[in-house]
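Take a look at the protein below.

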Amino acid sequence: MHETPIHIAKLQRYSTEKAMANKWQLFERKPSTGKRVAIIGAGPAGLSCAHTLSREGIDVTIYEKESKGGGLMTYGIAAYKVTPEFCEEEVNYITSIGGINIKYNQN
């Protein structure tokens, strides 16, 4: 029997858009520990790291050289695949957990 493959990227995109549209906070931030961390770059890796640290109650400042976050998702992928607006909404959704401050235009 032949079955078509599951399109993981489409499932992920659908669930991400649904969570963002409904402002579902899927994670909870623990109380602040008083610890602070600086991260260089507001691309996918920097944002993921910041979100993970923030969930543990660590305050994070991200220093980003560009005027927007998202890294290659914002600046390197064709707009017909991922729009800049979607990238900005995703950055805002990730930082909405609290404890994450992004300083843009910082070389």
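The sections below go from the whole chain to single residues.

## About the model

This is a predicted model, where local features need pLDDT of at least 70 and side-chain atom pairs count only at pLDDT 80 or more, while totals for chains, interfaces and linings use all residues. Residues are numbered from 1 along each chain as its sequence is written, and side-chain values use heavy atoms, with hydrogens and water left out.

## Overall build

The protein has 4 helices and 3 strands. Both are DSSP runs, numbered from the N terminus: helices are H or I with at least four residues, strands are E with at least two. From the N terminus on, the order is α-β-α-β-α-α-β. The C-alpha atoms fill a box of roughly 55 × 30 × 25 Å along the principal axes.

Of the 107 residues, 27% count as buried. Buried means under 20% relative accessible area, exposed means over 50%, and partly exposed lies in between (1.4 Å probe, protein chains only). Now take contacts, meaning heavy atoms within 4.5 Å. Among those with a separation of 6 or more, 66% join residues 24 or more positions apart.

## Salt bridges

A salt bridge is a side-chain nitrogen of Lys or Arg within 4 Å of a carboxyl oxygen of Asp or Glu. The count comes to 3. One of them joins Arg13 and Glu17, at 2.7 Å from N to O. These two residues sit 4 apart in helix H1, so about one helical turn separates them. Arg13 is partly exposed at 29%, and Glu17 is partly exposed at 34%.

Asp59 pairs with Arg29, with the closest N and O atoms 2.6 Å apart. Asp59 lies in strand S2 and Arg29 in the loop between H1 and strand S1, so the pair ties together parts 30 residues apart in sequence. Glu56 bridges to Lys30, with the closest N and O atoms 2.9 Å apart. This pair links distant parts of the chain: Glu56 is in the loop between helix H2 and S2, and Lys30 is in the loop between H1 and S1. Glu56 is partly exposed at 39%, and so is Lys30 at 43%.

## A nonpolar patch

Which residues make a nonpolar surface patch? Ile6, Ile8 and Leu11 do, with about 340 Å². Patch residues have over 30% relative accessible area and no salt bridge; nonpolar side chains (Val, Leu, Ile, Met, Phe, Trp, Tyr) are joined within 5 Å, like charges within 9 Å. Ile6 lies in the segment before helix H1. Ile6 counts as exposed because its relative accessibility is 65%.

Conventions:
Accessible areas come from the Shrake-Rupley method with a 1.4 Å probe; for residues, only the protein chains shown count as cover.
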